[in-house]
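Hi,

Here is the structure I promised to send over. Have a look at it first, and then read on for what turned up in the salt bridges.

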Amino acid sequence: QMEVDASEAELRAALVDDYADAPLVRVLEHRDPEVAAVAGSAYAEVGVRCAPDGSTAAVFCALDNLIKGGAGQAIQNMNLMLGLDERTTLTDPGNFP
C-alpha cells in the first residue's frame, strides 16, 4: 500500500502513456480488467482504481497466461526478429463477445 499524490484519471493517463507502444495492452477506463475479456487472446487489460479519499491506488491486470504468456511471447518475439508487426497472428480477440 502506498500514498497516492495523483487522481485516478492522472494515473490512468500515465498508464496510457506507458503502454502507448504496446499494441496488445488495453488500458481500461469504464470497467475493471476481466479474465473473461482476454481468455484465449494475446491481450492484457490494465486498470486503476483509487480509494474515495485518494489515499491509496490499486492497479489491476488480467491476461491469459498461455497466449499472453510463454506461447504468445514466443510468437511475438519471432515476429519482431523477422521484422514483422509484433501482432502478426496474435490479434484474435479471444472468446469475449
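Glu8 is partly exposed, with a relative accessibility of 23%. Before going further, please keep in mind that this is a predicted model.

So which residue does the side chain of Glu8 meet in a salt bridge? Its partner is Arg49, at 3.1 Å from N to O. That pair links distant parts of the chain: Glu8 sits in helix H1 (residues 8-18) and Arg49 in strand E2 (residues 44-50), 41 residues apart. Arg49 is also partly exposed, at 27% relative accessibility.

Arg49 has another salt bridge, this one with Asp32, where the closest N and O atoms are 3.0 Å apart. Here too distant parts are linked, since Asp32 is in the loop between E1 and helix H2 (35-38) while Arg49 is in strand E2, 17 residues away. Asp32 counts as partly exposed, with a relative accessible area of 37%.

Is Glu45 buried or exposed? Glu45 counts as buried because its relative accessibility is 0%, and buried means under 20%. Arg26, on the other hand, is partly exposed at 28%.

In case you want the total, the count comes to 7 salt bridges.

Cheers

Notes: Residues numbered from 1 in each chain as written. Predicted model: local features only at pLDDT ≥ 70, side-chain atom pairs only at ≥ 80, totals over all residues. Heavy atoms only, no water. Salt bridge = Lys/Arg side-chain N within 4 Å of Asp/Glu carboxyl O. Helix = DSSP H or I, 4+ residues; strand = E, 2+ residues; numbered from the N terminus. Buried < 20%, exposed > 50% of the residue type's maximum accessible area, 1.4 Å probe, protein only.
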